[in-house]
Amino acid sequence: MADSISGADAFLEQLVAAGVEWIFGNPGTTEQPLLQRLPNYPQLGFIVALHESVAVAAAEGYARASGKIGVVELHAGPGLGNGMGMLYNAAEGRTPLLVYVGQSEQSGLYLQPTLSGDLVAQVHPLAKWATEVRTADEIPQIVRRAIKVAMTDPCGPVVVSVPMDVMSAECSAPVVAPSLIDNRVRPSSASVAAATDVLAAAERPVILVGDGVARADALDEVSEIAHLLGAPIYGAFMSQTCVHPDEPLNAGRMPSVDAAHAERSLRDYDSVIAIGTKVLSNVFTRPGLPLGDRHVVHIGLDQWELGKNQPATIVYGDERAAIRELVDGLAPRLARDEDRIAEQREREVNRIADAKLRARAADRQGWDEHPMTPERAVSELAARMPSDAILIDESLTAYAAVGRYFRLNPGGWFRLRGGGIGAGMPLPIGIQLARPDCRVVSLVGDGSSLYTITSMWTAAHHQLPVVWVILNNASYRILKENVRHRGLDSESADQLVGANLTDPSLDFVSLARGMGVAARRVTDPDEVGDALVDALRHEQPYLLDVVISGRLSPS
Ligand SMILES: Cc1ncc(C[n+]2csc(CCOP(=O)(O)OP(=O)(O)O)c2C)c(N)n1
């Protein structure tokens, strides 16, 4: 039995015992019992955000770049509410977060104090587990359990509400390190045998990969099985690099907006291996099975997603272990088809290389225009990006160009997850804290940046040398592109209600300077590369406002 300490000390000691380094938050009075004690724990730094969405997304960046739990402090009902857009992304992206919310005093909850509420019910759909602590003695155990639940596959955010009088009460329960589950379980031999049969009979297989591949460090294995089968590899839903940048069978990302477009990319294939990914994750769906009557092998650790919408032969287990076992079983069985597969592989490699060349050639149209095209801007930035810098990518309508021009190194590329925009400003804060030796550059659409623009102040306050590049087309261009794809003519799409960020125009340089961040506006494409190099030389947070064209692509 430990000597009695306050609930707040028990909470903080439990975080220290779990190896937590940072708490990302925005304070209110209900969290004071905890925050007042924080200076006694030099192992725990507090990153102050001016809006809860910044705190949650910065913690997500930290969790994703470190592989550890991200810890967040939010203030009561409204603070939790403000953080919920980014909590949605963490839930969808399976990011392990521990979100502590300060509740009003338990003794007065029956009076419904201002700011209080049923926090557990409020966050229920987004939390993997949500609970309200009832006694101080529960605190260490609940914190440990929360960390374990958040970090067990499928990972996700866990929310712990603690009333402020419970935080101040005495706790005599012990603090010990949490016991975590090693998620890298091997698949059953029966499931591997069944999947081997399916793939041995496949004539034109295609591979879909997602973040489970990056997390299991299975990039080599993905290449190996792709070569063995002569199958192209598509990113079905990737927010991190899941295919080696030089892999010739890397066919790029599956169209993620419209299921009909994804189907077009899959037209020629009779079998699908989906590894560590959803099947599929389009914004606009089609009725019926996402992959039709194709034979599907679905591999991964996310029990909810495996076979969710598409009947499949399921291999439940660590992606890397599963592919290794499949390769061992398939190699002897495919030996007799070696020549046919080699031809197929060559055809795919050539098709992919041709498509990349054609896309780059199309980019050259309008290369010297003013305002510059997003493709030109991205290519100029990519040419001067240090090879070991980390790229955060919320470039929306420039996503495709980012894939063409940047080298997306394993562990060096992070996209937003879940579709709630605004992550591109705060994610790099957490990533920079997790990887203090790396330079971090974030490409963000102007529209997306404004949801979380106060991230700049947080980076300046904590002296984190993040570089943001705003791709400024004075519009929500993707919304215009989407209505156009859905049948509206270009002229009407360009006037889409609420999609032009003009009158007045936004002055990003002033916004940055007002938050203590150096900034520069760039309009000449020939200056973009040098501007990035200068920004990185600063070793302080820096914003580049790159003015690009918002013109819609031809119908
Ligand atoms: C939290 C949230 N609010 C609104 C949206 C809808 N939305 C999706 S993309 C977008 C506009 C993005 O504009 P910008 O970042 O400038 O990129 P662009 O489309 O111009 O490339 C909006 C408003 C969303 N996905 N998430």
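A polar contact is a pair of N or O atoms within 3.5 Å; within protein, one atom must be able to donate a hydrogen and the other to accept it, and residues adjacent in sequence count only if both atoms are side-chain atoms. The model examined here is predicted, so local features need pLDDT of at least 70 and side-chain atom pairs count only at pLDDT 80 or more, while totals for chains, interfaces and linings use all residues. Residues are numbered from 1 along each chain as its sequence is written, and side-chain values use heavy atoms, with hydrogens and water left out.

We can start with the ligand. The side chain of Ser 448 places an N or O atom 2.6 Å from an oxygen atom of the ligand. Backbone atoms take part too: a polar one of Gly 447 is 2.8 Å from a ligand oxygen, and an N or O atom of the Arg 477 backbone lies 3.0 Å from an oxygen of the ligand. On its own the ligand has 590 Å² of accessible area (Shrake-Rupley method, 1.4 Å probe), and the protein covers 77% of this.

Next comes the chain as a whole. An automatic or database assignment divides the chain into domain 1 (5-171), domain 2 (189-353) and domain 3 (366-547). The centres of domain 1 and domain 2, taken over C-alpha atoms, are 38 Å apart. Six residues from domain 1 and nine from domain 2 make the contact, meaning heavy atoms within 4.5 Å.

The two domains bury about 630 Å² between them, 29% of it on carbon and sulfur atoms; buried area is the accessible area (1.4 Å probe) lost on putting two parts together, summed over both. Arg 64, Arg 94 and Asp 153 supply 67% of what domain 1 buries against domain 2, more than any other three residues.

Four salt bridges cross this interface, each a side-chain nitrogen of Lys or Arg within 4 Å of a carboxyl oxygen of Asp or Glu. Glu 92 also forms a salt bridge with Lys 278, with the closest N and O atoms 2.8 Å apart.
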